[in-house]
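This report describes the fold of one protein chain for a reader new to it.

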Amino acid sequence: MNLTTEIAVIGAGHAGGEAARAAARLGCDTVLFTLSLDAIANMPCNPSIGGTGKGHLVYEIDALGGEMGRAADAVTLQSRTLNLGKGAAVHSKRIQADRRAYAAYMKRVLEKTPGLRLVQAEVTALITEPDADGTPRVCGVETRLGERWSCGGAIIATGTHLDGRVFVGDRNYAAGPDGLLPAVGLSASLEALGLTLMRFKTGTPARVKRQSVDFSVLEIQPGEDKPTPYSADTPEDAFDGMEQLPCHIVYTNAETHRIIRDNISRSAMYSGQIHGTGPRYCPSIEDKLVRFADKERHQLFVEPMGADTDELYIQGFSTSLPPDVQHAMLRSLEGFANAEIMRYAYAIEYDCADPTQMTADLAFRAVRGLWGAGQFNGTSGYEEAAAQGLVAGINAALALRGREPMILPRASSYIGTLIDDLVTKGTNEPYRMMTSRSEYRLLLRQDNADRRLTPVGREVGLIGDERWAEYEAKQEAIDAECARLESTYLSPSAENNAILGELGQVPLTTGISLGDLLRRPGIVYAALAKLDPARPALSRRVVTGVEVGIKYAGYIKRQLAEVARLEKREAYRLPEDIDYSAITGLRIEAAQKLTRLRPKTLGQATRISGVSPADIGVLMIYLGIK
């Protein structure tokens, strides 16, 4: 039997699913290998999609033509927008997802994607052959059953399965997340090819039976009214009138902390068993008590795992303490005196790649025809994984078709920021996206993700004609309404001032445009309706685009000017054969870093850790850049 494909995707989590679907949609015969067909798009950790910074990634994935936004909309149990008390740049959508429905949705979508085959098999080795210059090139993969598949390229998206090991107290064993199998053998194959692997760690809290919790003493956290969907393909009124499942809030207390401190030596993390680095922004509860010893309590969120299950997820209570301690600390919480654990918490250690071995298209320098995505690249989170998977899938397909890679600059997207951070700075802990990571966050809002990236998705080939027509119509409506508001003036009439008084606004003494009026603090687009009877009927998505565009016009203009100022440096391509060690005045550390990472542009070089502004100045003089 001739086993052959163009692109082999190893791992069918959030990264692998997006990668495989994108590659197949771009015309490449693709095989998606998974340890279990029943675990495609599994959510082994929190049952949610989005959050601060992460919600931006989901909108951007959708804008490029990815699947995560549509899937999240289809399985939403509750939706909230975080940071509404702050500016629009940091507004971040987060939904509670039905985890089993999400996995089923993605499995079905992948099964129905033309040109994509799903194969339950463990890939244990890459098969390579040397290029003319001796550099290895991927030409196939081998499975544990001994099958050999020839291919033109491979994408590794192994999540936390790669040589995975689970820790609970003093017990540990080889395993993947959620009781699944680990991926054994592939790490050795990658290291034999000269790739550098790291050891990271993450964890998850216990799952608790709903009927064993007393919700009457917990703080309820309802969903928001009329939430906006993630995907442009989902009708904006899809959630209007939907009965959303509530979440709840509970807090640790002095007794909880006593139990944890008395038993902290029994934690796998503090007993020396775990050697991998854990996530700074999602620490275990024992790590929180050590790092924030002065805090009297920690907030925990009680979240539903699905509409048809009694499992609850206790966000913020991740631990590797043994089962008896898990029971005691849970039952110390208010409302949890009779709590029953359905799944025990655990920590998991796994192999991942040093992302500085990759270029901005997520391709490895040392092995041609090989891309990485997701937690394999040192990140944490479903959203970061899906974003990288989409980019890796696109670029693998483009490479096999002889097209230039899709490189997203930092100023274009959080996806661009994520990848640039990884390949230029690297990471010594699981990387998590946050809005603070971008210097352009006023430009990179959720509401304009389509304006920033849908033309890119169209050029690549993932945005079809119908979606493109809808996109163009939306942007035209936003532009037209912004122009109308800026050119429509109100007089300081008694009638107008009376309406402004009702809105708590100072009266007019001279004419003012509706745009300037909208820029006033406390004024929203809907409030201007009485003053603007001729306004057109607009969708909520268009109104959001208009409101943010008008209110932040001045700030946006200044940030765009800053982007333009930096574009020359950012776009200047560095010669691929430059000998950094021969540049007089360049520090040894800088020369070594530049030689190892081989930045494509001067802008990328400026962001490499260990390369100072003085080094960049020397480099610019050497290259004759003014």
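The protein has 19 helices and 23 strands; helices (H or I, at least four residues) and strands (E, at least two) are DSSP runs, numbered from the N terminus. The model is predicted: local features need pLDDT of at least 70 and side-chain atom pairs count only at pLDDT 80 or more, while totals for chains, interfaces and linings use all residues. Residues are numbered from 1 along each chain as its sequence is written, and side-chain values use heavy atoms, with hydrogens and water left out.

The C-alpha trace spans about 80 × 70 × 55 Å along its principal axes.

Two packed helices are described by the angle between their axes and the distance between the axes. Axes are lines fitted to C-alpha atoms, for helices over the stretch in contact, and angles run from 0 to 180 degrees between N-to-C directions.

| Helix pair | Axis distance | Angle |
|---|---|---|
| H2 (residues 54–64) and H9 (residues 382–400) | within 9 Å | roughly 25 degrees |
| H6 (residues 254–262) and H8 (residues 323–331) | 8 Å | about 165 degrees |

The angle makes H2 roughly parallel to H9, and H6 is roughly antiparallel to H8 (under 35 degrees counts as roughly parallel, over 145 as roughly antiparallel). H2 passes H9 in a left-handed crossing, meaning that the near helix is turned anticlockwise from the far one by less than a right angle. In H2, Lys 54, Leu 57, Val 58, Ile 61 and Leu 64 meet Glu 383, Glu 384, Ala 386, Ala 387 and Leu 390 of H9, where contact means heavy atoms within 4.5 Å. By class, this contact of H2 with H9 holds seven nonpolar, no polar and three charged residues. Ala, Val, Leu, Ile, Met, Phe, Trp, Tyr, Cys and Pro count as nonpolar, Asp, Glu, Lys and Arg as charged, and the others, Gly among them, as polar.

The crossing of H6 and H8 is left-handed. Thr 256, Ile 259 and Ile 260 of H6 make the contact with Val 325, Ala 328 and Met 329 of H8. Its residues are five nonpolar, one polar and no charged.

An open sheet of three strands has the order E7-E8-E9 with antiparallel pairing; two strands pair if DSSP finds at least two bridges between them. Its edge strands are E7 (123–130) and E9 (148–150), each pairing on one side only. Seven bridges join E7 to the antiparallel strand E8 (residues 136–143), and Pro 130 stands opposite Pro 136 in E8.

Methods. Parallel < 35°, antiparallel > 145°, perpendicular 65-115°, else oblique.
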